[in-house]
Amino acid sequence: MIDILIKNISIVDGTGKPAFKGNVGVLGDKIVNVLGNEDAKEIIDGTDLFISPGFIDAHSHGDLILGDECARLCKTSQGVTTEIGGQCGLSAAPINPKNLKLVQGQLSVGAVKFPEDMVNWTSYKRYLEYADSVPKTANIKSYVGHSTLRIAVMGFENRQPTEEEMEKMKSLLKEAMENGAAGFSTGLIYTPCCYATTDEIVELAKVIKPYGGIYASHMRNESYDSVKSVEETIEIGRRAGVPVFISHHKILGKSNWGLQKQTLAIIQKAIDEGIKVTCDQYPYPRNMTHLNACVPPWHFNEGVEKMSELFKNPEMREKIKKEMEDPNSKYDNYYLNAGGWEGVFVSSCPNTSGVIGKTIAEYSKEIGKDPFETFFDIMVENKGIGSAVYSSMCDEDVFEIAKFPHTVIGSDGLTREMGEKGHPRAYGTCPRAICYYHKENHIMTLEEVIRRMTSMSAERLGLKTKGIIKEGYDADLVIFNYEKLQDKATYTNSNELTEGIEYVIVNGGIVYKDKKLTGVHTGRVLRHYEK
């Protein structure tokens with residue numbers, strides 16, 4: 001007797017080949033071949049339904065809220081069965097207890113609160129023990145973040161590491177790789193990661209090579225300097241001898257639209273040279289990150305809270321305003337990328353609830369203040385904490401990057417707590433990819449979109465038994481109603497559950513059914529060295 005028999009269903013097997021009618025069996029945590037007449041503990045009638053491998057979220061920040069119900073619901077409800085965390089230089093570990101508040105301030109973009117046990121995560125092994133212990137409805141593997149390493153060793157200091165500090169960062173990274181980290185990530189628009197030279201990053205990336213690690217980067221610039229930033233990212237992979245992931249590849253700012261033609265050509269040339277390069281991308285024309293990303297990074301050298309205190313000084317307000325308004329200021333200027341305050345939509349703000357769900361321009365008009373003064377006040381009131389959605393991209397560029405043969409799907413989703421507004425990508429990325437790219441705009445077949453979220457992601461991320469419906473592969477599966485499939489999350493109602501996801505199965509356990517979590521927690525922490 002097998003555990004689950006799924007009968008008479010349309011199978012999209014993850015390889016890209018056309019869907020076909022058949023039956024799928026599950027025994028334990030593996031897929032087994034079946035004829036359709038086997039005895040099973042549970043039988044699912046798949047008539048009028050589709051089944052695919054579970055979706056792989058190639059770019060997740062789920063490690064920052066691992067174990068919380070919202071962490072499970074947002075990913076599981078959209079069909080994600082495996083996620084890759086520790087992105088953008090921001091990982092939950094390793095921690096230096098002396099700098100705990102500093103790292104928590106930086107990680108607050110993805111978490112409202114942190115476990116009491118976090119103070120003990122001085123090694124990656126110790127963090128993984130915690131991660132293993134919390135309930136999960138998806139598998140997770142994570143990178144080690146460069147900002148997290150730097151804060152543990154150097155705090156937020158805007159300088160190059162000493163030889164001793166570099167050896168300490170390398171030692172922490174080596175320990176993490178020995179215990180199964182996926183690789184090393186950078187977020188080069190964020191402090192303190194952005195203070196690093198290319199040489200520093202290369203030296204750290206070399207540490208991950210013997211372990212088959214991957215270098216993933218939120219590049220130094222995704223707007224006017226995107227071309228140079230792609231070149232730097234690839235150069236790091238070339239010099240360190242490791243595969244490269246270009247995180248959430250996009251082009252920000254109307255004046256820069258179209259630059260992907262150059263960036264994609266550079267990526268293809270590198271691939272032709274033998275460098276393994278992958279882009280991940282979310283299927284939306286708006287991005288999201290810290291609200292404080294509007295502020296030039298050279299003001300963060302003592303951390304987020306100290307940065308916010310600068311705005312108590314009227315002279316500093318005027319100075320920083322001029323820097324933000326200057327198109328020649330040398331940073332990835334999210335204020336200008338969004339076309340001004342009309343394009344900065346506040347999604348969360350702990351102490352200024354009136355601005356949530358509005359642009360800075362709308363809120364400033366409502367309270368009768370200058371938009372810059374409103375923004376500076378918000379920074380002070382919230383100690384620099386808050387997040388925003390930025391209207392910075394266009395559909396045409398998103399489509400061209402999506403169609404690039406080396407692009408996979410990643411949500412970059414940030415969901416800090418149940419009910420808090422955010423970007424719809426946190427709840428809707430995978431079904432959105434199917435709807436946006438296939439059902440609505442017809443730029444890909446259903447089978448190709450699913451391949452980008454399953455077998456292709458699995459191959460690029462070293463997930464050897466995932467991503468294909470095939471005997472012996474992991475029983476991570478999604479059953480959906482194609483006709484009803486629709487992402488419901490929007491920019492104003494970001495936490496709406498997807499319609500049409502009927503079942504989600506992880507390691508053989510049904511974790512989601514009837515738009516509800518079932519209480520089954522079969523998700524696992526994956527180690528990169530696992531075969």
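Two strands pair here if DSSP finds at least two bridges between them. Strands (E, at least two residues) and helices (H or I, at least four) are DSSP runs, numbered from the N terminus. The model is predicted, so to speak, throughout: local features need pLDDT of at least 70, side-chain atom pairs count only at pLDDT 80 or more, and totals for chains, interfaces and linings use all residues. Residues are numbered from 1 along each chain as its sequence is written, and side-chain values use heavy atoms, with hydrogens and water left out.

**View 1. Two hairpins around strand S20.** Strand S19 (residues 501-506) pairs with S20 in the antiparallel sense over 4 bridges, and Val504 stands opposite Tyr512 in S20. Together S19 and S20 make a hairpin with 2 residues between them. In that turn, Asn507 has a positive phi of about 50 degrees. On to the next partner: S20 and strand S21 (residues 516-517) are also antiparallel, over 2 bridges, with Tyr512 opposite Leu517 in S21. The S20–S21 hairpin has 2 residues between its strands, and Asp514 in the turn has a positive phi of about 55 degrees. As for S20 itself (residues 509-513), 4 of its 5 residues are buried, so the strand is largely enclosed by the rest of the structure. Buried means under 20% relative accessible area, exposed over 50%, and partly exposed in between (1.4 Å probe, protein chains only).

**View 2. Thr137 and its neighbours.** Thr137 sits in the loop between helix H3 (124-133) and strand S8 (139-142). With a relative accessibility of 3%, Thr137 counts as buried. Its side chain makes a polar contact with the side chain of Thr76, at 2.6 Å. (A polar contact is a pair of N or O atoms within 3.5 Å; within protein, one must be able to donate a hydrogen and the other to accept it, and residues adjacent in sequence count only if both atoms are side-chain atoms.) Setting aside neighbours within four places in sequence, Thr137 is in contact with Arg72, Thr76, Val506, Val511, Leu517, Val520, His521 and Gly523. Contact means heavy atoms within 4.5 Å.

**View 3. Ser10 on strand S1.** Look for Ser10 in strand S1 (residues 2-11). Ser10 counts as buried, at 13% relative accessibility. Not counting residues up to four places away in sequence, Ser10 touches Phe20, Lys21, Leu49, Phe50 and Ile51.

**View 4. The buried residues of helix H6.** In H6 (residues 198-208), the buried residues are Glu200, Ile201, Val202, Leu204, Ala205, Val207 and Ile208. They pack against helices H4 (146-154), H5 (163-178) and H7, plus strands S10 (183-187) and S11 (214-218).

**View 5. The largest pocket, with Glu309 in helix H9.** This pocket has a volume of about 480 Å³. Of its 22 lining residues, Lys101, Gly105, Glu305, Lys383 and Ile385 are the closest to its centre. Helix H2 (100-107) and H9 each supply at least two residues of the lining, which divides into 8 nonpolar, 6 polar and 8 charged residues. (Ala, Val, Leu, Ile, Met, Phe, Trp, Tyr, Cys and Pro count as nonpolar, Asp, Glu, Lys and Arg as charged, and the others, Gly among them, as polar.) Glu309 lies in H9 (residues 304-309) and, at 34% relative accessibility, counts as partly exposed. On a 1 Å grid over the protein atoms alone, a pocket is an open set of points with protein on both sides within 12 Å along at least five of seven lines, whereas a cavity is a set where a 1.4 Å probe fits but cannot get out; lining residues have an atom within 4 Å of a point. Grid points are joined across faces, edges and corners, and a volume is the space filled by probe spheres set on the points.

**View 6. The second largest pocket.** Here the volume is about 410 Å³. The lining has 26 residues, and Leu188, Ile189, Arg220, Pro297 and Tyr331 are the closest to the centre. Helix H7 (residues 226-240) gives the largest share of the lining, 3 residues. By class, the lining has 13 nonpolar, 7 polar and 6 charged residues.

**View 7. The largest cavity.** The structure holds 6 cavities of 30 Å³ or more, and the largest cavity takes up about 160 Å³. Gly62, Ala71, Arg72, Lys75 and Glu83 are the closest to its centre, out of 21 lining residues. Helix H1 (residues 69-76) supplies the largest share of that lining, 5 residues.
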